[in-house]
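The sequence and the structure come first.

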Amino acid sequence: RLDGVAFTGSTGTARLIARSLAARDAPLAALIAETGGQNAMIVDSSALPEQVVADALSSAFDSAGQRCSALRILCLQDDVAPEMLSMLEGAMRELAIGDPRHLSTDIGPVIDAEARAGLNAHVERMRAAGLKVVEMPLPPACARGTFVAPTLVDLGNIRGLAHLTREVFGPVLHVLRWKRDELPALIDAINATGYGLTHGIHTRIDETVAAILARVRAGNIYVNRNFRAGVVGVQPFGGHGLSGTGPKAGGPLYLRRLVRGMSTPAPEAAIALPGPTGEANTLEFHPRGVVACIAADENGLFAQAKAALAAGNTVLLLRDPLSVRVGKGIGGARITFVDELDPAAIDTVLLDVDRNDARRVRGVFAAAPGRIVPIVIP
């Protein structure tokens with residue numbers, strides 16, 4: 001009876017849901033998945049140390065780090081890293097760990113014993129790899145329950161990101177150092193993790209903000225503040241890649257995207273949203289990337305391709321007579337033909353075919369490892 005699923009949770013569970021939906025002998029259901037994050041904060045030498053420490057502390061350790069939007073990787077410019085790390089360690093030692101029912105508690109337990117075991121195993125792997133690990137002491141009262149000590153793991157330089165192969169969902173913050181001329185390489189390395197949920201920037205240089213915004217791929221980007229899940233009505237929330245399929249939850253277009261057969265007016269390139277005094281909140285729209293267009297007839301395929309191109313995407317078409325005819329009719333360098341679909345090379349699918357063909361296509365993408373490719377159906 002399901003027409004759609006809106007899911008928040010792990011990337012692995014989202015893949016299971018996608019496979020279950022693809023295998024159903026029923027009308028196709030849409031899947032909107034908001035999954036995990038390998039969220040980074042880039043801090044340069046112009047940033048205010050006290051603000052960085054306060055924002056990193058709350059971003060990494062609130063809710064015991066059990067938020068998809070939580071800070072996982074703190075990237076400090078090497079000129080200021082020693083001072084900021086010393087301040088951060090001192091602030092972490094002031095955190096109160098214990099029963100979350102008490103207002104004086106800063107950090108409570110993680111969700112269950114399995115989560116605790118996984119986090120502790122990760123920390124031990126980091127130690128075994130020769131990385132410096134700083135764990136805060138757990139008070140005696142935490143001997144019972146599923147508590148994990150707030151922990152810093154020093155990854156060293158940018159190459160240390162290779163130690164992080166999946167999201168670490170808990171109060172573990174990884175730190176690395178970068179040199180000023182390494183900023184483009186640092187952003188590329190963060191993008192290469194495959195996640196794209198939240199990202200933080202701390203700097204007082206406008207040009208640095210612009211350079212990072214132009215290169216980083218993340219659904220929500222926070223400048224000179226902490227970051228958490230988006231505030232309803234202020235910060236539409238969601239990511240892409242291993243962090244989800246979109247559309248972003250909340251915001252001016254969310255409800256329309258839960259309705260079939262309703263036309264959605266083309267949004268402006270950027271929409272100014274309300275927010276706290278002194279903050280600017282902007283919703284921007286960017287091309288998805290490579291869009292596979294698959295339709296049962298010429299008119300449908302033509303409409304798909306024109307819409308994808310109008311939004312700035314590259315169109316991918318199967319090399320069959322219908323698609324070749326449509327592609328050649330449209331023309332242009334942003335149309336590519338392939339003999340078979342490779343989910344790893346596709347960012348979105350526009351799908352308008354009969355039920356059997358749709359189930360076959362969705363099965364190919366649901367079975368693929370890695371990110372969940374969003375499939376848009378009429």
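This is a predicted model: local features need pLDDT of at least 70, side-chain atom pairs count only at pLDDT 80 or more; totals for chains, interfaces and linings use all residues.

## Largest cavity

The largest cavity holds about 180 Å³ of space. By class, ten of the lining residues are nonpolar, one is polar and three are charged.

A search of the whole structure for cavities of 30 Å³ or more finds two. The other one is described next.

## Second largest cavity

The volume of the second largest cavity is about 80 Å³. Its lining is made up of 13 residues, with Gln38, Ile190, Tyr195, Gly196 and Thr198 nearest the centre.

Four elements supply at least two lining residues each: β3 (39-43), α5 (183-191), β8 (195-196) and β9 (198-202). The lining of the second largest cavity divides into six nonpolar residues, six polar residues and one charged residue.

## Second largest pocket

The second largest pocket contains about 850 Å³ of space. Of the 29 residues that line this pocket, Ser10, Arg166, Glu167, Val168 and Phe169 lie nearest its centre. The elements giving two or more residues to the lining are α1 and α4. Helix α4 makes the largest contribution, with eight residues. In the lining of the second largest pocket, eleven residues are nonpolar, twelve are polar and six are charged.

## Ala113 in helix α4

Helix α4 spans residues 113-128, and Ala113 belongs to it. Is Ala113 buried or exposed, or does it fall in between? Ala113 has a relative accessible area of 42%, so it counts as partly exposed, since that class covers values between 20% and 50%.

Ala113 and Ser86 are separated by 27 residues in sequence, and their C-alpha atoms are 31 Å apart in space.

## Helix packing

Helix α7 (residues 298-310) packs against helix α8 (residues 321-330) at an angle of about 45°, and their axes are 10 Å apart. The crossing in which α7 passes α8 is right-handed.

Helix α2 (residues 49-61) and helix α3 (residues 81-92) cross at roughly 50°, with axes that come within 10 Å. Helix α2 is therefore oblique to α3. The crossing of α2 and α3 is right-handed.

Ala64 is not a glycine, yet it has a positive phi of about 55°. Ala64 sits in the loop between α2 and β4 (71-77). With a relative accessible area of 1%, Ala64 is buried, because the cut-off for buried is under 20%.

Asn224 also is not a glycine and has a positive phi of about 55°. The loop that holds Asn224 runs between β10 (220-223) and β11 (240-241). Asn224 has a relative accessible area of 29% and is therefore partly exposed.

Key
Residues are numbered from 1 along each chain as its sequence is written. Side-chain values use heavy atoms; hydrogens and water are left out. On a 1 Å grid over the protein atoms alone, a cavity is a set of points where a 1.4 Å probe fits but cannot get out, and a pocket is an open set with protein on both sides within 12 Å along at least five of seven lines; lining residues have an atom within 4 Å of a point. Grid points are joined across faces, edges and corners, and a volume is the space filled by probe spheres set on the points. Ala, Val, Leu, Ile, Met, Phe, Trp, Tyr, Cys and Pro count as nonpolar, Asp, Glu, Lys and Arg as charged, and the others, Gly among them, as polar. Buried means under 20% relative accessible area, exposed over 50%, partly exposed in between (1.4 Å probe, protein chains only). Axes are lines fitted to C-alpha atoms, for helices over the stretch in contact, and angles run from 0 to 180 degrees between N-to-C directions. A crossing is left-handed if the near helix is turned anticlockwise from the far one by less than a right angle, and right-handed if clockwise. Angles under 35 degrees count as roughly parallel, over 145 as roughly antiparallel, 65 to 115 as roughly perpendicular and the rest as oblique.
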